[in-house]
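Morning, everyone. I have one structure to show you today. Please look at the screen.

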Amino acid sequence: MARTRFDICLDEVLRHEGGYADNPSDPGGATNMGITRKTLARWRAVTPWWGLAKSEVQSLGRAEAAKIYKGSYWDRINAGKLPPGLDLALFDFAVNSGPDRAIKTLQGQLKVVADGQIGPLTLGAIKTKIALRGAAGPIDALCNKRLDFLTRLATFAVFGKGWTARVVAIRKAALTAAGTQSSTTVQSPTWSDTMAILSGYKTYIVAAFMLIAGLAQMLGIDLPTLDGASAGHMIMEALAVIFLRKGLKGDIGNA
């Protein structure tokens, strides 16, 4: 039996996803073959998702993982109707950052309504774009936008090297499948990218400044303070900001 485009693209995706992992820095938590604990719980209709034991994620087999990828990602982005190459680029983007974001990013490049659905209008725009600029055009544009999004994530400092390498590899494989070459030059993250990474920690940076200024004031060191606030007041506000931020992140993580 001939291998389908889904089979070929899934092999490429799994080449980057690897096996079981539970990295504390990864918002996805326990993951196996790219399938997170939350995704697996939803697939198996387990509510709440944290009711699914991590051991279930660890024992996930490839056959079930393939069904999840087919139903929740490949079919969701209507990849079966996309031209070779673009199907892989959009599929891997969807797996890594969510189908909705991947589709809307592509639609933004095509200048069509970003409704998160790959329908006749989007498919027609893809056909027109390829006719005008070749198959490399939409693939390059999508990969560039994807990398631009990733560099702005707070966790880029931890996972950025791997993400960048993945996008580079997916771009190459996608262009090969499309029978073309890149029309752009891939650049390494710039200083502005580094500053974008720090923006994810701006709440903590401000709180740290308040804490240091408050402590300095208590020690008699003359530093500029915020609106003439007392040392004790600034320290309490700084601690409140830090713990409130942590509390919000915990609530979001359990949502």
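This is a predicted model: local features need pLDDT of at least 70, side-chain atom pairs count only at pLDDT 80 or more; totals for chains, interfaces and linings use all residues.

Start with the helices. Find helix H5, residues 86-97, and then helix H9, residues 156-178. Their axes are 9 Å apart. They pack at an angle of about 155 degrees. How do H5 and H9 run relative to each other, parallel or antiparallel? Angles over 145 degrees count as roughly antiparallel. H5 and H9 are therefore roughly antiparallel.

Who makes the contact? On the H5 side, we have Leu88, Ala89, Asp92, Val95 and Asn96. On the H9 side, we have Trp163, Arg166, Ile170, Ala173 and Ala174. Sort the residues of this contact by type. Seven are nonpolar, one is polar and two are charged.

Now for the salt bridges. Side chains of opposite charge can pair when their charged atoms come close. How many salt bridges does the structure hold? There are 15 salt bridges in the structure. I will pick out a few.

Take Arg62 and Asp11. They form a salt bridge, and their closest N and O atoms are 2.7 Å apart. Where do the two residues sit? Arg62 is in helix H4, residues 62-74, and Asp11 is in helix H1, residues 5-17. So this pair ties together parts that are 51 residues apart in sequence. Arg62 is partly exposed, with a relative accessible area of 43%. Asp11 is partly exposed too, at 24%.

Next, Lys54 and Asp22. Their side chains meet in a salt bridge, 2.8 Å from N to O. Lys54 lies in helix H3, residues 54-58. Asp22 lies in the loop between H1 and strand E1. The pair therefore ties together parts that are 32 residues apart in sequence. Lys54 is partly exposed, at 37% relative accessibility. Asp22 is partly exposed as well, at 35%.

Then there is Asp75 with Lys70. Here the salt bridge is 2.9 Å, N to O. Asp75 counts as partly exposed, at 41% relative accessibility. Lys70 also counts as partly exposed, at 33%.

One last item. Which residues are linked in a network of salt bridges? They are Glu17, Asp92, Arg146 and Arg166. Asp92 of H5 and Arg166 of H9 are in the helix contact. Both also belong to this network.

That is my tour. Thank you.

Conventions
Residues are numbered from 1 along each chain as its sequence is written. Side-chain values use heavy atoms; hydrogens and water are left out. Axes are lines fitted to C-alpha atoms, for helices over the stretch in contact, and angles run from 0 to 180 degrees between N-to-C directions. Helices (H or I, at least four residues) and strands (E, at least two) are DSSP runs, numbered from the N terminus. Angles under 35 degrees count as roughly parallel, over 145 as roughly antiparallel, 65 to 115 as roughly perpendicular and the rest as oblique. Contact means heavy atoms within 4.5 Å. Ala, Val, Leu, Ile, Met, Phe, Trp, Tyr, Cys and Pro count as nonpolar, Asp, Glu, Lys and Arg as charged, and the others, Gly among them, as polar. A salt bridge is a side-chain nitrogen of Lys or Arg within 4 Å of a carboxyl oxygen of Asp or Glu. Buried means under 20% relative accessible area, exposed over 50%, partly exposed in between (1.4 Å probe, protein chains only).
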